[in-house]
Amino acid sequence: MKKIIVPVDFSIHSENALKTAAYIAKQTNAEVIVVHMLELSNAVINQSESSSQQEMIFYIKLAEKKFNEFLQKDYLSDIKVTPIIKHFKIFSELDELAKEENADLVIIGSKGTSGLEEIFIGSNTEKVIRYANVPVLVVKEEPITSKIQKVVFACDFSIDDVAPYLRAKEFFKKLDCNLQLLYVNTPTSKFKTSDMLEEAMKSFFEAVKEDTTNINNVKIVSEYTVEKGVLYFADKSNADIIAVATHGRKGISHFFEGSISEDIANHSVLPIVSFKI
């Protein structure tokens with residue numbers, strides 16, 4: 001792992017993300033790119049009047065001062081840290097930055113959302129997951145500051161999950177931990193009989209070039225929703241992280257179809273890492 005991007009807003013949640021990035025960077029000798037997204041409108045930026053320009057410069061200088069103070073942390077010692085200020089709060093920019101920097105990972109702190117806020121506004125976490133093509137690690141109540149032991153990868157054993165699984169397997173290999181594959185059987189149109197599931201798993205392991213006897217290591221739980229099944233198993237198995245594949249749907253398709261990975265990211269107290277399909 002070479003580069004990790006961490007967006008910060010100076011909150012305790014973004015500091016949890018930064019502490020996690022520092023820990024992973026020390027394990028993998030990676031650079032940490034810390035990004036503060038300063039929300040300045042086009043009207044302010046494009047104003048030609050000297051008073052408006054002075055106002056813009058004032059806010060930028062204030063953000064730079066606060067940013068520099070925020071980065072004065074003991075846990076960032078012996079790590080290469082690159083601070084960047086963006087002048088728009090557009091979360092697709094993080095994906096563009098990840099491409100420019102050839103980053104391996106985005107880490108973001110989140111408190112999650114619920115109720116009307118989630119339906120009508122969504123969270124910044126959701127937006128980052130939706131746009132990013134690199135893995136996104138969502139850190140919740142506590143930062144990751146010790147070795148990751150157990151990772152649960154929620155999988156439906158479809159062809160869509162092959163590439164995300166292979167990326168997740170390679171990603172966690174760098175952190176010296178293995179994946180526990182989990183399937184949640186739900187009483188919906190996607191319900192699978194035992195024979196159907198066994199055939200799907202066999203095809204999946206052949207596609208990822210693994211021994212089909214790995215079917216015996218897959219954990220299967222039954223729940224009314226995939227989200228509830230994943231959260232239930234992660235809690236019972238004392239998992240450290242939940243890994244999910246995401247389509248990164250945008251616009252109207254996202255509104256009608258939703259995203260299981262984003263729901264899990266919002267409601268889990270455990271860290272979540274998403275891998276784009």
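Visitor: Serine 110: buried or exposed?
Guide: Serine 110 is buried, at a relative accessible area of 5%. Buried means under 20% relative accessible area, exposed over 50%, and partly exposed in between, with a 1.4 Å probe and protein chains only. This is a predicted model, where local features need pLDDT of at least 70, side-chain atom pairs count only at pLDDT 80 or more, and totals for chains, interfaces and linings use all residues. Residues are numbered from 1 along each chain as its sequence is written, and side-chain values use heavy atoms, with hydrogens and water left out.

Visitor: Where does serine 110 lie?
Guide: In the loop between β4 (105-109) and α5 (115-121). Helices (H or I, at least four residues) and strands (E, at least two) are DSSP runs, numbered from the N terminus.

Visitor: And what is serine 110 in contact with?
Guide: Leaving out neighbours within four places in sequence, serine 110 contacts His13, Thr125, Val138, Val139 and Lys140. Contact means heavy atoms within 4.5 Å.

Visitor: Zooming out, how many helices and strands are in the protein?
Guide: Eleven helices and ten strands. Of the 277 residues, 48% are buried.

Visitor: What share of the contacts join residues at least 24 apart?
Guide: 80%, taken among contacts between residues at least 6 apart in sequence.

Visitor: What does the accessible surface come to?
Guide: About 14,700 Å², of which 50% belongs to carbon and sulfur atoms. Accessible areas come from the Shrake-Rupley method with a 1.4 Å probe, and for residues only the protein chains shown count as cover.

Visitor: Which residues form a nonpolar patch on that surface?
Guide: Phe58, Tyr59 and Leu62, with about 310 Å² of accessible area together. Patches are made of residues with over 30% relative accessible area and no salt bridge; like charges are joined within 9 Å, and nonpolar side chains (Val, Leu, Ile, Met, Phe, Trp, Tyr) within 5 Å. Phenylalanine 58 sits in helix α3 (residues 50-70) and is partly exposed, at 49%.

Visitor: How many salt bridges does a search of the whole structure find?
Guide: Seven. A salt bridge is a side-chain nitrogen of Lys or Arg within 4 Å of a carboxyl oxygen of Asp or Glu.

Visitor: Which residue forms one with lysine 80?
Guide: Glutamate 31, with the closest N and O atoms 3.9 Å apart. Lysine 80 is in the loop between α3 and β3 (81-86) and glutamate 31 in strand β2 (residues 31-37), so the pair ties together parts 49 residues apart in sequence. Lysine 80 is exposed at 56%, whereas glutamate 31 is buried at 12%.

Visitor: What about lysine 147 and aspartate 176?
Guide: Their side chains meet in a salt bridge, 3.5 Å from N to O. That pair also links distant parts of the chain: lysine 147 is in the loop between β5 (136-139) and β6, and aspartate 176 in the loop between α7 (162-174) and β7, 29 residues apart. Lysine 147 is partly exposed at 38% and aspartate 176 exposed at 59%.

Visitor: How many disulfides are there?
Guide: Zero in the whole structure; a disulfide is a pair of cysteine sulfur atoms within 2.5 Å. Cysteine 155 is buried at 6%, and cysteine 177 is buried at 7%.

Visitor: Changing topic, which residues in α9 are buried?
Guide: Glu227, Gly229, Val230, Phe233 and Ala234. These cover an arc of only 165 degrees around the axis, which puts them on the same side of α9. The arc is that of the directions from the helix axis to the C-beta atoms. On the other side of α9, Asp235 and Lys236 are exposed.

Visitor: What do the buried residues of α9 pack against?
Guide: β6 (151-154), β7 (179-185), β8, β9 and α11 (260-267).

Visitor: And what is the phi of the asparagine that follows α9?
Guide: Asparagine 238 has a positive phi, near 55 degrees. Asparagine 238 is in the loop between α9 (226-236) and β9 (241-246), and is exposed at 58%.

Visitor: What is the phi of lysine 209?
Guide: Near 60 degrees, also a positive value in a residue other than glycine. Lysine 209 is in the loop between α8 (194-207) and β8 (219-222), exposed at 75%.

Visitor: Glutamate 210, buried or exposed?
Guide: Buried, at 16%. Glutamate 210 touches Tyr165, Lys169 and Phe205, not counting residues up to four places away in sequence.
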